Amino acid sequence: MIDPSAASVVPTTDPSTYLPAQQITGDLNDQLLQSDFWTDEMVAAAGIPIVDIPFVTIGGGIGSFVTLDYLRIAGVPTSQMRVLSTLDFAWQTYEYLTRVSQVPRPERIRSDSASRPDNIWGFPSYGFAEGVRKLDPKVLWGLFSEPIFADYYTPKAGNVFEQLEREAKRIGYDERLVKGLVRIVRRRYGGGYFTILTPPEGASATKRVAFRSQYVHVAVGYPGLKFLPELQRYRTENNDYRHIVNAYEAHEHVYERLVQHPSTVLVRGGGIVASRILQRLMDDREKFGAQTNIVHLFRTYITGTNDGYGNEADPRPGGGRTRVFMRRRGGNGWAYQGFNYPKSVWGGQLKAQVRQLEGEQRAELYKRMGGTNTPWRKSWQRQMNQGRREGWYNCVVGTVDDMQPNGERIVNQIRTAQGVVPVEVDFVIDCTGLEADIAEHRLLKDLLEHGGASRNPVGRLNVDRNFELIGTTSGTGAMYASGATTLGGYFPGVDTFLGLQVAAQEIYGDLAKRGFCKRLGPVRSTTQWWKWLAGSAP
Amino acid sequence: MLPTLNGRIQTRIFMLVVFGGVITFLITPLLPGNDDVDLGFDGDSYQATYLILLTTLVLGIVWELIYHGIQQFRWEKDWPTMFGLITIVNEAALVWLLVDIGAVPGIEEDSVPFWAFFIDFSVIWFVIWVWTNGPMRVPFIRWRFFGGRIV
């Protein structure tokens, strides 16, 4: 799935496998590639067949799924929507990423009980359903008392996927799915858009197929994950892809080796992925008797209350400490937070607040509530405390200046407050989750160059409050985007299940105003919910 | 819940008017009396229970301001599920005090039996708490994403 020598880890199927070897008709030509607006004649002249579909969603991950689900429930006939995707099912990329970052199906993901991508109402929540199904008072008590007396309830990955599968069947998702890769969407003279799909070899008579639609939804997910520059340099210079791995690439061989051989591992990063990787390393010690020594490298070591700018004493604009009304708990290096944003960004005060902010002010609030963080979980605290006591879990604070090989091992020159310290380890697991620029994605790059799209204060795609891509309007048509590519807009928390649903609701609302779908008033909404419960088609 | 101040007040009014109104109508004749007072399907009893509901609504708006203030100390700016239930203690205590000393206009001192008040208040509170934490999301699909605002 991933080219180990690439600088970016992009968890999508290799696009080159979709390109036929020999030149056949119906391909893009220079005139098309250079024009920001296309006429029907230009596309026809290139021999590209045109398919008319009012609404297409590009990506085919959970963002596309949730949006399609919403519109289907709002009464859009299945014949009017298509999903253009290289994925076989909506949770394919998500499941891959969670699995390699150590959340296999039986483990719990970091997501709220009521954020259900398979249920637009969020009722019954995952937790309530699990508590009732298993008649488990502990789950129900947890839901009642979270986060005061219990850790936040979070659903099991496997349950999420099973429920998504059920909903996919209910709404006939598979019949909407058209396999292929999309790299270009251009505005059409006369309104609407052309979306160029490259189908898998042999699936169509021509190399490309054009979807002519009034509405386009872009939900292509993370543009990619980058390695830290020094790690990438080491990997390419020493041709070593075994000992230095990213948490988001398959790296089971590391754990296998650790169980057989007492080794030292350097874990880099202070977020949820680092927590997961540490849990796996510590679980393997408990279950399989691995003799792993863990060196945990933090760039920023959180000692107590903090915000997105860091510890109390760290510099922040306007100077001073964290605000009494804006600080979170932390300690032992970590900043603690239940989910990847303060919870109210998904519906409460912070959501309402950010919706009103522009430019600099918005970027400032994003910064203040941001910062790397992880949930405080009883089991993780127990494992780390044991590790500290027994001396096999140690923290270092600093950055890596240089890395050299020493036989099978790697010497990291770590710059700390006390000077440069050499740390020799067997493996390095990078959990820093550095995200690539959106222009690394060919479709997004094309939208920025030819589609009229622009960047927001955080550098991602600039979307309006209704998730319409600002600057891309074409006649009566509209282009929307949701997910990670829209981070930094009027709504934070876009790259989460609930965020995708918030976006889907805004898109549905806008489309309802345009007359493309029905309004989900109390009656229709309730009727549709009963259908969901019964498992019958919308 | 993830309420904004506006959403809190709107939800409070909606819930007490709709659920409070209906439940009060149904439950009043069933409430227990005591040696001095008999409750039943009559104007005096309904006057008492509906005035209790109205008092809860008016004081509730003040309580929401206080809760909103407390919420500001929370990083998440959320209002945990449990808080929604346990705030019955302070709210019911205040309303009972006012009812019992005859401070609510239209309700005379010692005219409402304690257990009648207790059952009336608890049933309404519990139903509203349950509805707020789940089923409300079904008919009002935008409600949870807009801080509890209904309009």
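In helix 1 of chain B, the residues B:L5, B:R8, B:I9, B:R12, B:I13, B:L16, B:G20 and B:T24 meet a set in helix 2 of chain B made up of B:T49, B:Y50, B:L53, B:T56, B:L57, B:G60, B:I61, B:E64, B:Y67 and B:H68. By class, the residues of this contact between helix 1 and helix 2 of chain B are nine nonpolar, six polar and three charged. The model is predicted, with an ipTM of 0.94 and a pTM of 0.92. For chain B the average pLDDT is 95, and 100% of the residues score at least 70.

**Helix pair in chain B**

- Helix 1 of chain B covers residues 5-27 and helix 2 of chain B covers residues 43-71; their axes are 10 Å apart and the packing angle is about 160°.
- An angle over 145 degrees counts as roughly antiparallel, and helix 1 and helix 2 of chain B are therefore roughly antiparallel to each other.
- The crossing in which helix 1 of chain B passes helix 2 of chain B is right-handed.

**Contact between the chains**

- Chain A brings 32 residues into contact with 24 residues of chain B.
- On the side of chain A that touches chain B, the elements giving two or more residues are helix 6 (137-145), helix 12 (349-355), helix 16 (497-513) and helix 17 (522-534).
- Helix 17 of chain A gives the most to this side, with four residues.
- The residues on the side of chain A that touches chain B divide into 18 nonpolar, ten polar and four charged.

**Open sheet in chain A**

- Chain A has an open sheet of five strands in the order 6-5-4-10-25, with parallel pairing.
- Strand 6 (177-179) and strand 25 (478-481) of chain A are the edge strands, each pairing on one side only.
- With direction ignored, neighbouring strands of this sheet are turned by 20° against each other on average.
- Within the order 6-5-4-10-25, strand 4 (residues 55-58) and strand 5 (residues 81-85) of chain A pair in the parallel sense over four bridges.
- Opposite A:V83 in strand 5 of chain A stands A:T57.

**Helix pair in chain A**

- Helix 10 (residues 252-260) and helix 11 (residues 272-288) of chain A cross at roughly 40°, and their axes come within 11 Å.
- Helix 10 of chain A passes helix 11 of chain A in a right-handed crossing.
- A:Y255, A:L258 and A:V259 on the helix 10 side meet A:R280, A:D284 and A:F288 on the helix 11 side.
- The contact of helix 10 with helix 11 of chain A has four nonpolar residues, no polar residues and two charged residues.

**Backbone features in loops of chain A**

- The peptide bond from A:F123 to A:P124 is cis, with omega near -5°.
- A:P124 lies in the loop between helix 4 (92-100) and helix 5 (126-133) of chain A.
- A:Q102 also has its place in the loop between helix 4 and helix 5 of chain A; phi of A:Q102 is near 75°, which is a positive value in a residue other than glycine.
- A:E146 and A:P147 are joined by a cis peptide bond with omega about -10°.
- A:P147 is in the loop between helix 6 and helix 7 (157-171) of chain A, and helix 6 of chain A is among the elements giving two or more residues to the side that touches chain B.

Notes: Residues numbered from 1 in each chain as written. Chains lettered and ligands numbered in written order. Predicted model: local features only at pLDDT ≥ 70, side-chain atom pairs only at ≥ 80, totals over all residues. Axes fitted to C-alpha atoms, helices over the stretch in contact; angles between N-to-C directions. Parallel < 35°, antiparallel > 145°, perpendicular 65-115°, else oblique. Left-handed = near helix turned anticlockwise from the far one by under 90°. Contact = placed C-beta atoms within 7 Å. Nonpolar A, V, L, I, M, F, W, Y, C, P; charged D, E, K, R; others polar. pLDDT = per-residue confidence, 0-100. Pairing = 2+ DSSP bridges.
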